[in-house]
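Hi,

Here is the structure I promised to pass on. Have a look at it first, and then read my notes below.

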Amino acid sequence: MSRLPLVLILLACAAGEALAEEYETVKSWQHYQEIMIADGKTEAEAEEQVSQMLASLGSMDRSAGGDRIGVAAPPFRFDLWLNSEPMTLEDLRGQVVLVRWWTETCPFCASSTPALLSINEEYSAQGLTMIGVYHPKAGRDGPLDVPRVEKAVAARELDFPIAIDWDWRNGTLADWWLTGPDRPATSVTFLLDKSGVIQYVHPGMEYHDPNGSEGHAMCSTDMVGIRSQIERLLAE
């Protein structure tokens, strides 16, 4: 598998290294481009990087993660929870669970935020629990910075449970995802059935409802698939 998409994602999510220490939360692709220009790139350079990153959406191997289907989800090993008391997989038995890793410096995550909010609003009353897992890319070797995560959660207006997987290279993401074959991204989404078994994996980057952009057509296709899988699992 080509590692180009992973390189592009790391460029996107690590772009915060060049930002101020406050790690500005990316709000959209346009905002991400503005940040790059403020950091010294020309408009043409910023546009080219965005074009390359969006091209990677179509080339991502969407079968990545097939090896995780049917596997009982490993225990949570999160540092802290926001918007919720700490939860365990045992607490969530009987619920369909969507778990999505994200970070504030990544435009793929920014563009997926409306989808997560929409899914949570639509399906939470039907038995879906949404968990957003923060994992830092910029400043990832520094100590746990809870105010930084709180700021990102507020900026994205995330109102569902948020877990912090600060040392994700050795933490829960490592247990769930960074095993086996190469992975195209770390912004992965898992759907667990009511018994805690992984039944669907979206291997990363971005998904959302149609936004009229040809460059994001694959994102809306992926969103249809995620909704379909949620509805299937809720009905079981």
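Strands S2 (residues 96–102) and S3 (residues 128–134) pair in the parallel sense, over seven bridges. Two strands count as paired if DSSP finds at least two bridges between them, and the elements themselves are DSSP runs, numbered from the N terminus: helices are H or I with at least four residues, strands are E with at least two. In this pairing, Val96 sits opposite Leu128 of S3.

Before you go further: this is a predicted model, where local features need pLDDT of at least 70 and side-chain atom pairs count only at pLDDT 80 or more, while totals for chains, interfaces and linings use all residues. Residues are numbered from 1 along each chain as its sequence is written, and side-chain values use heavy atoms, with hydrogens and water left out.

Back to S2. Seven of its seven residues are buried, where buried means under 20% relative accessible area, exposed over 50%, and partly exposed in between (1.4 Å probe, protein chains only). Val96, Leu98, Arg100 and Trp102 point one way from S2, and Val97, Val99 and Trp101 point the other way. Together with helix H4 (residues 107–123) and S3, strand S2 makes a right-handed β-α-β unit; right-handed here means that, with the strands pointing away from the viewer, the path from the first strand over the helix to the second runs clockwise.

S2 has another partner, S5 (residues 189–192), in the antiparallel sense over four bridges. There, Leu98 stands opposite Leu191. Leu191 also stands opposite Tyr200 in S6, as S5 and S6 pair in the antiparallel sense over four bridges too. These two strands form a hairpin with five residues between them, and Gly196 in the turn has a positive phi of about 90°. Four of the five residues of S6 are buried.

Next, what about the loop between S6 (198–202) and helix H7 (217–235)? That is the place of His208. Is His208 buried or exposed? It counts as buried because its relative accessible area is 6%. Its side chain makes a polar contact of 2.8 Å with that of Glu206 (a pair of N or O atoms within 3.5 Å; within protein, one must be able to donate a hydrogen and the other to accept it, and residues adjacent in sequence count only if both atoms are side-chain atoms). Leaving aside neighbours within four places in sequence, His208 is in contact (heavy atoms within 4.5 Å) with residues including Ser111, Ala115 and His216.

Cheers
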